[in-house]
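Please keep the sequence and the structure in view while going through the numbered points.

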Amino acid sequence: MKIKIPQSNIEFISNSTKAYLLKDLIVEFDGLQFTVKKGYKTDGASIPFIFWAFNLHPYQADTLTPAILHDIFYETELYSRASADNNFLFLMRNNGVSSLKRALFYIAVRLFGWIVWSRHTVGSVENARQFLVVKKMVK
């Protein structure tokens, strides 16, 4: 299940490290279909600028889809923080991300994800939920 977003499906915001989805992102896993709606704002994989020089750019094809899903799982609080992080690890593995890169990203979200999680408000969670549709898969 490798799902990579073509760069043409995101539009970068001027003078920012953020981008908007230009098309819906649809991913199926764990018996569910997740649709992240067009217009969702992402920062890709939240990587400090200093690490970009080490080939850890936030918009790399192999990590972009897992990062977007991880972000929306956090923002919507659809899953607990730990479950969202474990899903991120699973999605990276299934998207062909190297074991070293997976480990680095996973450790980073486990160590520092609480900072983002603690900033949530009722309003921010409700706003994020406008951009996510979850459907149970029918076999």
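1. Overall fold. The model is predicted. The protein contains four helices and six strands. Along the sequence these elements follow the pattern β-β-β-β-β-α-α-α-α-β.

2. Burial and surface. Of the 139 residues in the protein, 40% are buried. The protein exposes about 8100 Å², and 59% of that area is supplied by carbon and sulfur atoms. Among contacts with a separation of 6 or more, 62% are accounted for by residues 24 or more positions apart.

3. The pairing of strand 3 with strand 4. F29 has L32 of strand 4 as its bridge partner, and E28 stands opposite Q33 in strand 4. The hairpin formed by strand 3 and strand 4 has two residues between the strands. In this hairpin D30 takes a positive phi near 60°.

4. F34 stands opposite V134 in strand 6. Why is strand 4 described as largely enclosed by the rest of the structure? Strand 4 comprises residues 32-36, and four of its five residues are buried, so the description follows from that count.

5. Salt bridges in general. Side chains of opposite charge can pair when their charged atoms come close. A search of the whole structure finds three salt bridges. They are taken in turn in the next points.

6. K101 and D62. K101 forms a salt bridge with D62, and the closest N and O atoms are 3.2 Å apart. K101 lies in helix 3 and D62 in helix 1 (residues 61-76), so the pair ties together parts that are 39 residues apart in sequence. Both K101 and D62 are buried.

7. D85 and R81. In the salt bridge between D85 and R81, the closest N and O atoms are 3.9 Å apart. Both residues lie in helix 2 (residues 81-94). They are four residues apart, about one turn of the helix. D85 and R81 are both buried.

8. D85 and R110. D85 also forms a salt bridge with R110, where the closest N and O atoms are 2.5 Å apart. D85 lies in helix 2 and R110 in helix 3, so this pair ties together parts that are 25 residues apart in sequence. R110 counts as partly exposed, because its relative accessibility is 32%, which lies between the limits of 20% and 50%. R81, D85 and R110 are linked in a network of salt bridges.

9. H120 in its loop. Where is H120 placed? H120 is found in the loop between helix 3 (99-117) and helix 4 (122-129). Its relative accessibility is 18%, so H120 counts as buried, the limit being under 20%.

10. The surroundings of H120. Leaving aside neighbours within four places in sequence, H120 is in contact with Y74, E75, E77 and V125. A polar atom of the H120 side chain lies 3.4 Å from the backbone oxygen of Y74. The side chain of H120 also makes a polar contact with the side chain of E77, at 2.7 Å.

Technical notes:
Residues are numbered from 1 along each chain as its sequence is written. This is a predicted model: local features need pLDDT of at least 70, side-chain atom pairs count only at pLDDT 80 or more; totals for chains, interfaces and linings use all residues. Side-chain values use heavy atoms; hydrogens and water are left out. Buried means under 20% relative accessible area, exposed over 50%, partly exposed in between (1.4 Å probe, protein chains only). Two strands pair if DSSP finds at least two bridges between them. Contact means heavy atoms within 4.5 Å. Accessible areas come from the Shrake-Rupley method with a 1.4 Å probe; for residues, only the protein chains shown count as cover. A polar contact is a pair of N or O atoms within 3.5 Å; within protein, one must be able to donate a hydrogen and the other to accept it, and residues adjacent in sequence count only if both atoms are side-chain atoms. A salt bridge is a side-chain nitrogen of Lys or Arg within 4 Å of a carboxyl oxygen of Asp or Glu.
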